[in-house]
Each structure stands twice: as structure tokens, then as C-alpha cells.
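Dear colleague,

I am passing on to you the structure we spoke about, with the sequence alongside. Please look it over first; my notes follow below.

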Amino acid sequence: MRISTTSCLCPFLVCLCFIQRCYGASHHVPAKVPSKNQTKLANGETEVHHRPKRGWIWNQFFVLEEHFGTEAQYVGKLHSNSDKGDGSVRYILDGEGAGTIFIIDEVTGDIHATKSLDREKKTHYVLHAQALDRHTEEALEPKSEFIIKVQDINDNAPKFPDGPFVATVPEMSEVGTSVLQVTATDADDPTYGNSARIVYSILQGQPYFSVDPKTGIIRTALANMDREAREHYTVVIQAKDMAGQVGGLSGSTTINITLTDINDNPPKFPQKNYQLYVPESAQVGKPVGKIKANDEDLGVNADIRYSIINSEGANMFSISTDRDTREGIISLKKPLNYERKKTYTLHIEGVNTHVDPRYSYLGSFKDTATLKITVGDVDEPPVFSLEHFIMDVYENAPSGTEVGAVTARDPDSRNSPVRYYLDSTEEGVRYFRIDETSGVIRTTQPLDREDMPWHNITVMASEVDNPSLLSHVPVTVQVLDVNDNPPEIATDEEVIVCESSRPGQVIQTVTAVDKDDFANGQRFSFALPSQLPVNPNFTLRDNEDSTASIIARRRRFNHLTQELYELPIVVWDGGEPSLSGTSTLTLRVCPCQRHGRIRMCQGEAFLSSAGLSTGALIAILLCIVILLAIVVLFITLRRSKKEPLIISEEDIRENVVTYDDEGGGEEDTEAFDIIALRNPAAAEELKFRRDVRPEARQHCVLPRSRRSPSVELDEVDVHEFIKQRLVEADMDTSVPPYDSLQTYAYEGQGSPTGTVSPLDSPGTQSEQDYNYLDDWGPEFQKLAELYGEADSDVTT
């Protein structure tokens with residue numbers, strides 16, 4: 001293989017080209033001598049092994065980027081040892097850019113680049129070369145891979161991708177303090193030459209800042225830079241390739257540097273002495289003036305705490321700092337009095353709250369000033385002797401009763417007379433009045449503690465010389481209790497009495513209430529009215545603990561006989577004097593189950609919804625639904641089994657026709673006339689129309705229990721009557737054309753043994769006492785009630 005190039009860019013390339021040409025000129029391979037890749041056969045021919053020859057192997061070619069010549073740029077030459085120069089060898093090139101960017105001369109093997117290349121877009125190309133026999137198209141050399149590398153030139157200037165920059169550094173920083181590091185990038189090849197070797201320099205910002213030429217670190221170059229003198233700086237940094245040599249490309253960026261504040265300035269009062277006028281009417285806790293010290297620092301470094309350092313001023317005044325304006329707000333701690341003290345002197349100190357000990361050499365970070373306060377004389381309103389008055393008066397006291405008195409005076413030196421008034425806007429003014437000269441408060445009507453135990457009023461005072469100046473003071477009046485309310489029973493509900501109550505049994509325990517207070521309303525006594533006769537049903541027992549028990553005096557109450565009872569009770573309280581009241585309780589008799597549980601409380605109610613649980617109601621509803629379902633099912637079955645009355649002629653056979661018509665009972669005297677059975681002669685007129693209801697006949701039938709035993713029916717021949725009816729049925733044309741069965745029942749003239757029914761027997765009342773059924777439990781309660789009702793009816 002022979003490779004030749006026509007241009008070299010440096011002495012190193014020139015030497016490389018010279019060595020390659022010398023090696024190509026002196027390298028000859030005899031055509032007839034078998035190489036290591038061939039084997040000589042017995043017939044004299046040689047077998048070629050397809051292992052690449054050492055002369056057909058290479059690494060890479062070079063081509064310059066950004067070539068703008070008119071002719072194609074020569075890259076290199078491919079040559080096979082099999083090429084004798086007679087044109088029998090054809091060279092083929094394929095791979096990246098083959099045929100478009102790179103072309104090859106098929107005869108000579110010369111490779112040219114037809115386009116300008118940019119290394120920053122693509123650094124190398126991978127191609128494949130092959131040598132063929134032009135006549136037979138057989139491969140003389142196997143396909144081999146090689147690389148064409150784009151050689152870099154300095155065509156890209158350095159750039160700062162993140163610029164411009166913003167940086168800060170504290171003021172008063174030492175020389176060499178790092179501010180910021182900037183980095184430039186160069187798209188050229190850093191491995192070839194100095195195209196990407198960058199050097200930094202400062203174009204603007206001296207003598208305050210400097211930059212490291214290799215790292216790009218910006219540092220302070222001047223000591224004691226003061227933010228208060230200059231705060232902002234603009235620095236321009238340049239980056240140049242080719243190691244800063246002449247002809248290198250460059251780029252620049254701007255850095256805006258701001259000095260940050262530190263506490264290097266103490267607070268200063270603009271002047272050392274101040275004066276302030278404060279009227280004596282100034283309110284305690286309210287601001288009366290302001291003072292401010294200036295600080296050239298910013299933020300927390302300018303925060304100031306003010307204080308009053310002398311006792312004279314600190315006892316009467318206080319000072320605080322307004323965070324927004326950094327002013328000292330002076331407030332009043334105690335009321336001023338012009339007549340007592342007319343001037344005050346305050347020594348005020350302002351101190352920085354955030355002090356950096358590194359700068360303590362600059363001095364103390366505080367300042368002081370003197371403030372002289374002059375108290376102004378003001379006509380003040382009257383001053384009451386107390387801030388709040390509390391008085392008391394007994395309830396029911398007559399109108400005009402003295403409750404108490406308020407006093408006020410003029411604090412000024414003139415000592416003007418004072419007049420008193422009540423605030424007319426309050427509700428309590430209608431219960432009280434005040435003497436405008438003495439301040440004595442009196443009632444205007446009797447008061448009721450149970451209606452309103454406390455009254456709040458406001459008393460106003462003004463000077464006679466200046467009525468516009470008013471003072472106010474609250475007055476609270478407590479109404480004291482007297483025993484003026486009788487006690488009464490605490491409950492208004494009915495007391496339940498079980499029917500099964502026994503003598504001596506406690507029906508209920510009652511208590512009393514009293515509208516009076518604790519002293520008069522917490523001890524009660526109970527008794528029945530003495531003017532009334534002894535109550536045969538109930539009595540009362542005083543338990544001597546402010547309660548009483550109602551006790552039954554007899555056994556077995558009956559709510560059917562008497563349901564409601566009234567019991568008057570007299571109650572005494574323990575007040576002075578003692579008062580009594582009579583309350584009437586209503587006692588209702590109710591049937592009860594065991595343990596006194598009430599079963600029902602109204603005689604006319606069969607079921608009480610309050611006594612039925614949810615489960616019982618659901619069970620009742622479920623039974624009703626089941627009964628309705630059974631009725632519907634029964635009606636449906638009857639309708640489905642009912643056969644038609646008239647059948648076809650082919651189905652003529654004996655049938656029994658059943659009519660399910662029921663009579664009206666013993667009271668139905670028109671459904672069937674029993675006289676027809678007893679007197680056959682009386683039924684002749686009914687023989688032809690059985691389908692027509694006979695005319696109503698009036699019969700007077702005495703009840704059996706009231707008929708005389710001597711009255712007997714006429715003798716009738718029933719046998720003859722039935723035979724006559726059979727003939728009529730056979731001859732009757734109005735009946736259906738088939739046999740039918742007609743049944744006549746006759747019981748006869750009676751039984752010699754008589755009847756066993758108690759309905760017709762004469763009523764005899766039993767003298768037996770059924771009260772013992774009450775003791776048999778709830779299972780026999782209903783039976784006991786029935787016999788009890790019967791006994792009551794008999795008694796009535």
C-alpha cells in the first residue's frame with residue numbers, strides 16, 4: 001500500500017509525509033514468490049488465503065475543516081500491492097459520506113473531499129475500501145475499514161454561556177476575597193494545538209477587582225470598600241484562546257457586583273437636646289411624642305433599641321421602637337398633674353441591636369440625647385373617689401330608700417363644685433335617682449330580688465364652671481332578699497298510683513321549691529291541711545330532709561271505679577318570718593304489672609303506643625299481614641273450585657247443588673219462616689214460585705225464656721208435610737231439569753230434659769268474692785277485671 005499527501009500543516013506532518021513516501025517507494029513485493037497468505041498446490045497453482053496483507057492496513061487520514069477552495073481537497077491515496085499500474089485494479093469506497101462528501105478515483109485510488117467540513121459538527125468519518133479486479137470483479141483485497149479525521153482550526157471564539165452575571169461581596173472585605181468564578185467555553189478541539197486554550201483578563205473594574213487568568217476567579221483588589229460611599233460596580237472579563245497570543249479569538253462578559261451592608265456605622269441623633277410639650281390630660285398608655293436616631297446601615301444592621309436611662313423619666317414615661325420607621329415612640333406610664341410637677345427630663349439612648357464584634361474597633365454603636373418634657377395645665381373633669389361603687393338595698397323597700405352615695409372632686413386648683421347625674425340611656429335609671437349636689441342615690445320604686453337581683457347604673461359628674469367636662473363611674477346595686485315568697489311543690493305532673501298498692505306503701509316522694517335565696521329557701525316542712533277531714537285514701541309523712549312521702553292508706557284501687565284523686569299538701573319554709581303554701585297534687589290510678597311497672601294509664605285506651613315496644617308493633621303488623629294473605633288465598637281457592645250451575649247435555653247425571661247462603665242468625669226473621677215446618681197448611685201459597693222471595697210476614701215470637709211453659713205448638717204431621725213437598729218438587733217446572741236434593745230439618749217438640757244453656761235460665765247472682773284473682777298475677781288480671789265489672793254493675 002502507498003499513501004501520499006500533497007499538503008502538511010506543520011513540521012510534524014511534513015516529517016510524517018516524508019517517512020510515508022520513502023516507505024512506499026522502497027516497499028516492493030515480487031509477483032511470483034508465494035507470500036505468507038498463499039499455499040503452493042501440486043499442480044503448480046497457489047491458493048490465496050483471505051487474510052489482509054500488511055500493506056492493505058492503515059488507521060486514519062486527515063482533512064482540514066473549513067476548506068473553501070475552488071477545487072476538491074485532497075485527502076489521501078489507496079493502493080494495493082496487486083496494482084501494476086495497468087488499470088486492471090478498481091478501487092471502491094463506501095461508508096459515511098462516500099460518494100457525497102468523499103469521492104475516490106477508481107483507477108488511481110486518490111480520495112478527495114468535495115465539501116467544506118466542520119469539526120464542531122462531526123469530528124471523523126468511518127469508511128470502507130476494497131480493491132477489485134476490473135475484468136473479473138473478483139476481490140483482490142478484502143474490505144478494510146479506515147477513518148478520516150477532520151482536523152481542527154481555530155474558528156470558534158470563547159463564550160460565556162451563563163453571562164451576564166450578578167454577584168455580591170460584603171463591604172470592608174479584605175483584599176483577595178473571592179467574589180465569583182466565571183467560566184468560558186471554546187468549541188474548538190482542546191487536544192490539538194492552542195485553539196481551545198483560554199486565558200482570562202479584566203477589561204473594566206480595576207483597581208477594585210482582579211481576575212485569575214487561568215481559573216477565572218474574580219477577587220477584591222482594594223481594601224476597605226465602603227458601601228455607604230459606593231454600592232455598585234461593573235466588571236468586564238475577557239476570555240481569549242490561543243493562550244492569549246496575537247491572532248487568538250476572544251469573548252467577554254459583564255459582572256454586576258454589589259457591596260452588601262455590614263454594621264459598620266453607629267446610630268446618631270441629629271441633635272443632642274430636644275423639647276416636648278405634653279398636656280396633663282394626656283391618657284396613660286397613649287403616645288405623647290417621637291424621637292429618632294439615624295443609622296446609615298441597612299436592614300437589621302440599622303435596627304435600634306431605645307431606652308430611658310434616668311429614673312426620673314423612666315418612672316413616668318416609656319419608649320418603644322417602631323419597626324417600620326425605626327422611631328422611638330414615647331408613651332405615658334402614669335397620669336400627669338400640672339399642679340404637682342411641671343417639667344420632666346429624659347435621657348434617651350439608642351443602641352444597635354445587631355453588633356458585629358469584628359468591627360468593634362470602629363467605636364461604640366450607640367448614642368444618647370436629652371429630652372425635656374413640659375407639662376401643660378388643662379381644665380380636667382371631676383375625679384371620683386373610687387373607680388367602681390358597689391351598694392345594696394333590701395327588696396320591697398319603700399320608694400325613696402337611700403342606697404348609697406358617690407363622691408367626686410375637681411382636680412384643678414380652682415376646686416369647682418361638682419354636680420351629679422344618672423346616665424338616662426340605661427334601663428336602671430327608672431329604679432333610682434341621685435341628688436345632684438350630695439351624690440346620694442335613692443330608689444324610685446320597691447325592688448323585687450326575684451325579678452332582678454342586680455342593677456347596673458352609671459353616674460356622671462361635671463364641674464359647675466365647665467359642664468362640658470364629664471366623668472363617668474359604674475355603680476352596681478345588689479338587691480338583698482327578704483322572705484316574701486311561699487314555697488310550693490316542685491312538680492306539676494300527675495302522681496301514678498298502682499291499683500295493687502298496699503296500705504303503708506310509699507306512692508311518691510315530693511320536694512318543694514322557693515323563689516327566695518339560700519338563707520330562706522332551703523328548709524321545708526310538709527303536712528296535710530288541718531282544716532280538712534282525714535283523707536281515707538292517702539296520708540303524708542315529713543321526712544325532715546326537705547322532702548315528704550305520699551303513703552297509701554288502703555289496698556286495691558280500681559281505675560274503673562275512680563281514676564283521679566286530689567291531695568292538697570301544705571309546705572312551710574324556714575325563713576323569718578316563715579311562709580307556707582298549699583299545692584294540690586293529682587293522683588291517677590293505673591293498672592300496674594309486677595314491680596310497680598305501669599301497664600296503662602287511661603281506661604278508654606285499649607293499646608297505648610307509649611307502652612308498646614318497637615318489636616311488639618312489628619309483630620302485630622306482621623300478624624295482620626298474614627291474616628290478610630290467608631283471606632285472599634281462601635277467596636281465590638273458592639273461586640277456582642266453583643263449578644258452573646248449568647252443564648252441557650252430554651254431562652247429565654245426578655248432582656247435588658249446594659248453596660252457601662247463610663242466614664242472619666236468630667235475629668233474622670225473614671230469611672226462612674219456621675211456621676211452614678210447624679203448619680204445612682200455611683205454606684200452600686209458596687208452592688209455585690220458589691225463586692221469588694215471599695212477602696214479609698210479621699210474626700211476634702216471644703223469647704223462649706219469657707214464654708209460658710204451658711204454651712205448646714199445635715200438633716202437625718211432619719211426615720205428610722214432607723211427602724207433599726216431594727210431589728210439588730217433582731211437578732214444579734221452574735226448577736232445573738235434573739234431580740235435586742231438598743232437605744227439611746225438624747227437631748220436634750222439645751226435650752223432656754230441658755236446656756243446658758244459661759242464656760234462657762233466670763239470672764241468679766253469686767255471692768262469691770272474686771278479689772283473690774288479683775293475687776294470681778297478670779295472667780288472671782283480665783278475668784279479675786271482668787268479675788269486678790260484674791260486681792260493680794250488680795251494685796249499681
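**What was found**

Of the 796 residues of the chain, 31% count as buried, and please bear in mind throughout that this is a predicted model. The chain contains 7 helices and 40 strands, and, among its contacts with a separation of 6 or more, 66% are between residues 24 or more positions apart. Its accessible surface amounts to about 51,400 Å², with 53% of that belonging to carbon and sulfur atoms.

The structure holds 1 disulfide, formed by cysteine 498 and cysteine 592, whose sulfur atoms lie 2.1 Å apart. This pair links distant parts of the chain, 94 residues apart, since cysteine 498 sits in strand 34 (residues 495–498) while cysteine 592 belongs to the loop between strand 40 (580–590) and helix 4 (614–641). The link is left-handed, with -85° about the S-S bond. Cysteine 498 counts as buried at 13% relative accessibility, and cysteine 592 likewise counts as buried, at 16%. As for two further cysteines, cysteine 590 is buried with a relative accessible area of 0%, whereas cysteine 623 is partly exposed at 45%.

Aspartate 423 lies in the loop between strand 28 (418–422) and strand 29 (432–434), and is buried yet has no salt bridge, the nearest side chain of opposite charge, that of arginine 430, being 14 Å away. The side chain of aspartate 423 does make a polar contact of 2.8 Å with the side chain of threonine 425, and, neighbours within four places in sequence aside, aspartate 423 is in contact with Val429, Thr458 and Met460.

Definitions and conventions. Residues are numbered from 1 along each chain as its sequence is written. This is a predicted model: local features need pLDDT of at least 70, side-chain atom pairs count only at pLDDT 80 or more; totals for chains, interfaces and linings use all residues. Side-chain values use heavy atoms; hydrogens and water are left out. Helices (H or I, at least four residues) and strands (E, at least two) are DSSP runs, numbered from the N terminus. Buried means under 20% relative accessible area, exposed over 50%, partly exposed in between (1.4 Å probe, protein chains only). Lys and Arg count as positive and Asp and Glu as negative; His and the chain ends are not counted. A salt bridge is a side-chain nitrogen of Lys or Arg within 4 Å of a carboxyl oxygen of Asp or Glu. A polar contact is a pair of N or O atoms within 3.5 Å; within protein, one must be able to donate a hydrogen and the other to accept it, and residues adjacent in sequence count only if both atoms are side-chain atoms. Contact means heavy atoms within 4.5 Å. Accessible areas come from the Shrake-Rupley method with a 1.4 Å probe; for residues, only the protein chains shown count as cover. A disulfide is a pair of cysteine sulfur atoms within 2.5 Å.
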